[in-house]
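Trainee: Hi! Could you walk me through this one, starting with how its parts pack together?

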Amino acid sequence: MMSEAEPRLFARSDPDAPVPAGAGLPDCTACGNKRFIVGAAGGLKPCPSCDVALTWRIHAVSAFSSRSDLTRGQRFANFRTSLDGEESAVLRRCLRAAEKFAEAPDGQWLVLWGERGCGKSHLCAAVDNHLLAMHVAVLYITMPDLLGALRQAMDLDRNTEQESYSGRMRTFKTASVLILDDLGAENSSPWSDSVLFELLDYRYRQRMPTMIATNVDPDHFDPRIASRMQDKAFSVVLANTAPDYRRRPKKERGG
Ligand SMILES: Nc1ncnc2c1ncn2[C@@H]1O[C@H](COP(=O)(O)OP(=O)(O)OP(=O)(O)O)[C@@H](O)[C@H]1O
Ligand SMILES: [Mg+2]
Ligand SMILES: [Zn+2]
C-alpha cells in the first residue's frame, strides 16, 4: 500500500504543472521548483533565484576533481613572486595572468607551461579555489585523472549519466570552467589523443574558459591542439621559467 509520505509521480507532459520543492530544497516562485529557467538564447539555464541547479552542477563536477588537502591551501596570496630575495618578473606575470583569468574567465584560455616545480599546479589550484568560492562549476582535474575516470566508465557496468562514458565526457566538455593540469603527463595513446582533441576542440569552438598547465612546450603538441591552444584571439600562453620551488632552501620559502 502506498503511504502518504511516498513521493507522487508527476506527469511532465504539462510544462506548467506544479512541482513540489523536494526535501530540504527551497520553494522557488521564479522557476516553479523546476530549478531551470529558459535563458536568453532559448536553452535552459540554472535558476539564479533558488540556485539549486547550480549547486547540483558544482557537486556533479566536483566528484571528478583532483582537489586535495594540498591544493586547497594553494592560494594567490601564498604564491611567492620573489626569487633569491628579488622580485621575479616571470613569476609576477604568471600570478597576474592567473588572477586575471580567475576574475573573468569567460571566453578566456590560459596556458602555463614550464619545468617541474615552477608553480603551475599551485596557480591552477589557486584559480580553482577562487572560482569555487565564487560559486562557479569549476573542474580542476589532471589529465591522468580525467583519462582514468573515462577508462573506469568503460569498465563500469552501469548507465547513469554520472557513470557512463559519454556522460563523463559531457561533464568534462561542458564544465563552466575547466582547469586541466599535467597535460602531457599521461601515457599517450591514439585513444588519449582523441579524447584530448575532442575535449579541447569542443571547448575551443564554444569559447569555454579553459586553463591548461603542462611541462610540454605548446609547439610540441599535435599541431591541431597546438594551434587551438595558441589562438592569440583569446588564449594567453605563458612560459614559467622559474626554478623548481621544491628545491629551494627552506628559509627562502617562508612559512
Ligand atoms: N612561487 C611559489 N610560491 C609559493 N609556493 C610555490 C611557488 N611555486 C611552487 N610552489 C610550491 O612548490 C610546490 C611545487 O609546485 P607546483 O606543484 O605548483 O609545481 P608544478 O609546476 O605544478 O610542477 P610539476 O610540473 O612537477 O607538476 C607546491 O607545493 C607549490 O605550492
Ligand atoms: Mg604540477
Ligand atoms: Zn528557482
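**Helices, packing and a histidine**

Trainee: At what angle do the axes of helix 6 and helix 7 cross?

Mentor: The axis of helix 6 and that of helix 7 (residues 190-205) cross at roughly 45° and come within 9 Å. Helices here are DSSP runs of H or I with at least four residues, strands are E runs with at least two, and both are numbered from the N terminus. Axes are lines fitted to C-alpha atoms, for helices over the stretch in contact, with angles from 0 to 180 degrees between N-to-C directions.

Mentor: Before we go on, this is a predicted model: local features need pLDDT of at least 70 and side-chain atom pairs pLDDT 80 or more, while totals for chains, interfaces and linings use all residues. Residues count from 1 along each chain as its sequence is written, chains are lettered from A and ligands numbered from 1 in the order written, and side-chain values use heavy atoms, without hydrogens and water.

Trainee: Which residues in helix 6 and helix 7 meet?

Mentor: Helix 6 brings Tyr 165, Met 169, Phe 172, Lys 173 and Thr 174, and they meet Trp 191, Val 195, Glu 198, Leu 199, Tyr 202 and Arg 203 in helix 7. Contact means heavy atoms within 4.5 Å. By class, that is seven nonpolar, one polar and three charged residues. Ala, Val, Leu, Ile, Met, Phe, Trp, Tyr, Cys and Pro count as nonpolar, Asp, Glu, Lys and Arg as charged, and the others as polar.

Trainee: And how far apart are the axes of helix 5 and helix 6?

Mentor: They are 8 Å apart, and helix 5 (residues 143-155) packs on helix 6 at about 160°. That makes helix 5 roughly antiparallel to helix 6. Their contact divides into eight nonpolar residues, one polar and one charged.

Trainee: What about the angle of helix 5 and helix 7?

Mentor: That one is about 105°, with the axes 11 Å apart. Helix 5 and helix 7 are therefore roughly perpendicular to each other. Among the residues making the contact are Leu 146 and Leu 150 of helix 5 and Trp 191 and Leu 199 of helix 7.

Trainee: New topic: is His 122 buried or exposed?

Mentor: His 122, found in helix 4, counts as buried because its relative accessibility is 17%. Buried means under 20% relative accessible area, exposed over 50%, and partly exposed in between (1.4 Å probe, protein chains only).

Trainee: What does His 122 touch?

Mentor: Leaving out residues up to four places away in sequence, His 122 touches Gln 74, Arg 75, Asn 78 and Phe 79. A polar atom of the His 122 side chain lies 3.0 Å from the backbone oxygen of Arg 75.

Trainee: Which residues of helix 1 are buried?

Mentor: In helix 1 (residues 52-62), they are Val 52, Ala 53, Leu 54, Ile 58 and Val 61. Their cover includes strand 1 (36-38), strand 2 (44-46), helix 4 (120-133), strand 6 (138-142) and helix 6 (165-174).

Trainee: Zooming out, how many helices and strands does the protein chain have?

Mentor: Nine helices and nine strands. Of the 255 residues in the protein chain, 44% are buried.

Definitions and conventions
A polar contact is a pair of N or O atoms within 3.5 Å; within protein, one must be able to donate a hydrogen and the other to accept it, and residues adjacent in sequence count only if both atoms are side-chain atoms. Angles under 35 degrees count as roughly parallel, over 145 as roughly antiparallel, 65 to 115 as roughly perpendicular and the rest as oblique.
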